[in-house]
Amino acid sequence: MSSLVLAASANQVHLTARTRIVAAILAIAFMLLILELIRSNRLQERYSVIWFVAGLGMLAGAAFPGLLEFVAELMGVRDTNVALFSILLLLLLGLALNFSVIMSRQAAQITRLAQERALERARQQAEEDSGANGSAALREESLESEEQGF
Amino acid sequence: MRTLVFIPAWNEQASISGVIADVRKALPDADILVVDDGSTDATTATARESGVLVATLPFNQGLGAALQTGYLFALREGYDYCAHLDADGQHPATEVARLLEVIAADRADLVIGSRYSDPSAVTGRDDYKPTFSRRIGTSVFRFFLTLATRQRFTDTTSGMRAANRRVMSLFSENYSPDFAEIESLQLAVRQGLRVEEVPVRMLERTGGSSFLTPVRSAFFIFKGIVVLLVGQFRPRHAEADR
């Protein structure tokens with residue numbers, strides 16, 4: 001993020017050549033890191049797409065400084081630095097929301113998994129009980145309805 | 001006709017045997033399932049000793065997930081009717097039997113036992129005395145749920161209910177883990193199911209303690225309103241198997 005600090009302290013609209021190089025290096029390093037995380041199975045591909053897009057955005061901003069000015073102009077922001085920070089903030093907000101969505105999905109999956117396990121044990125218990133005293137409480141049509149359910 | 005009565009229980013070892021005995025007495029033909037929502041006490045062991053089925057969730061996941069487990073079991077095991085009541089001894093099983101009668105007569109798909117809709121008129125003295133925060137929550141939920149469903153509900157958070165297979169298949173797939181009682185009513189009404197309240201008599205708790213402190217109540221109420229609001233924008237599905 002040193003590029004951002006430099007750009008901010010310069011307090012001018014145009015990015016210097018040095019900031020652009022630093023930003024480009026950071027962006028490439030970032031994308032390499034993502035690749036490495038995927039390769040070593042610490043990050044799943046389906047969760048990496050959004051990070052690649054972020055890395056590409058960084059690279060594009062470094063390669064074409066006019067792009068940032070163009071976006072700032074579109075947003076109606078006079079200061080490109082403000083535009084840059086706003087975009088980053090929105091991006092992070094989007095990522096955080098994305099995580100909440102993923103988390104909710106996984107929470108639902110975990111709940112269902114726990115329920116399935118609890119029911120499996122209850123069913124086992126019922127079988128044992130009916131084996132013990134002969135009073136079968138449960139019908140064995142359960143497997144059919146299970147397939148319909150999902 | 002096979003009936004399942006399930007009892008969601010979280011750390012209710014003190015009262016669970018009494019509740020089971022009560023259900024056995026009032027509903028001798030019904031199968032009983034205790035859904036232990038990850039209790040850290042001897043709820044599962046105590047329930048097993050009573051000789052009922054026990055589904056033990058590996059960790060605590062909230063009332064909604066526990067209730068859904070019961071509906072899922074009832075659906076898959078082919079029960080015709082199911083009912084559930086609280087494990088803390090507030091709900092007399094004879095009242096659950098009355099709810100089941102309404103379901104068996106096919107006068108409704110889902111029946112809620114309400115402690116507020118003038119119980120004295122039907123069953124004599126009302127033994128239930130709500131706390132202050134409980135009263136506020138109740139009236140807020142009552143207002144918003146009535147607004148959302150255009151149907152009058154008095155006891156929106158009642159944990160005493162009876163249902164048929166239509167409700168089982170709906171709730172086993174769609175049941176909010178956070179806001180079980182209220183959202184499920186809204187959902188059922190929106191799906192075109194017949195939801196009915198029946199006045200019941202309720203008792204003081206015999207064990208455990210209510211989870212509602214004032215701060216939690218306020219949060220609970222706020223969350224409930226948000227949930228109801230969001231629920232109004234959920235798609236209305238065509239009813240599955242009417």
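**Exercises on helix packing and the chain interface**

α6(B) passes α8(B) in a right-handed crossing; the near helix is then turned clockwise from the far one by less than a right angle. The model is predicted, with local features needing pLDDT of at least 70 and side-chain atom pairs pLDDT 80 or more, while totals for chains, interfaces and linings use all residues. Residues are numbered from 1 along each chain as its sequence is written, chains are lettered from A in the order in which they are written, and side-chain values use heavy atoms, without hydrogens and water.

**Exercise 1.** Describe how α6(B) and α8(B) pack.

*Solution.* Start with the axes, which are lines fitted to C-alpha atoms over the stretch in contact, with angles from 0 to 180 degrees between N-to-C directions. Helices are DSSP runs (H or I, at least four residues), numbered from the N terminus. The axes of α6 (residues 132-149) and α8 (residues 180-190) of chain B come within 10 Å and cross at roughly 20 degrees. That makes the two helices roughly parallel, a term for angles under 35 degrees.

Next, list the contacts (heavy atoms within 4.5 Å). Phe141(B), Leu145(B), Ala148(B) and Thr149(B) of α6(B) meet Ile182(B), Leu185(B), Gln186(B) and Val189(B) of α8(B). By class, this contact has 6 nonpolar, 2 polar and no charged residues. Here Ala, Val, Leu, Ile, Met, Phe, Trp, Tyr, Cys and Pro count as nonpolar, Asp, Glu, Lys and Arg as charged, and the others as polar.

**Exercise 2.** State the orientation of α3(B) relative to α7(B).

*Solution.* The axes of α3 (residues 63-76) and α7 (residues 165-173) of chain B come within 8 Å and cross at roughly 130 degrees. By class, the contact has 7 nonpolar, 3 polar and 2 charged residues.

**Exercise 3.** Characterise the interface between chain B and chain A.

*Solution.* First, the extent: 25 residues of chain B are in contact with 22 residues of chain A. The buried area, meaning accessible area (1.4 Å probe) lost by both parts on being put together, is about 2,200 Å², and carbon and sulfur atoms give 51% of it. In chain B, Leu53(B), Arg76(B) and Glu77(B) lose the most area to chain A, together 31% of what that side buries.

Then the salt bridges (a side-chain nitrogen of Lys or Arg within 4 Å of a carboxyl oxygen of Asp or Glu). The count between the chains is 3. One joins Glu77(B) and Arg123(A) at 2.6 Å, N to O. Glu116(A) and Arg76(B) meet in a salt bridge at 2.7 Å, N to O. That pair runs from helix α5 (residues 80-133) of chain A to helix α3 of chain B.

How values were computed: Angles under 35 degrees count as roughly parallel, over 145 as roughly antiparallel, 65 to 115 as roughly perpendicular and the rest as oblique. Buried area is the accessible area (1.4 Å probe) that two parts lose on being put together, summed over both.
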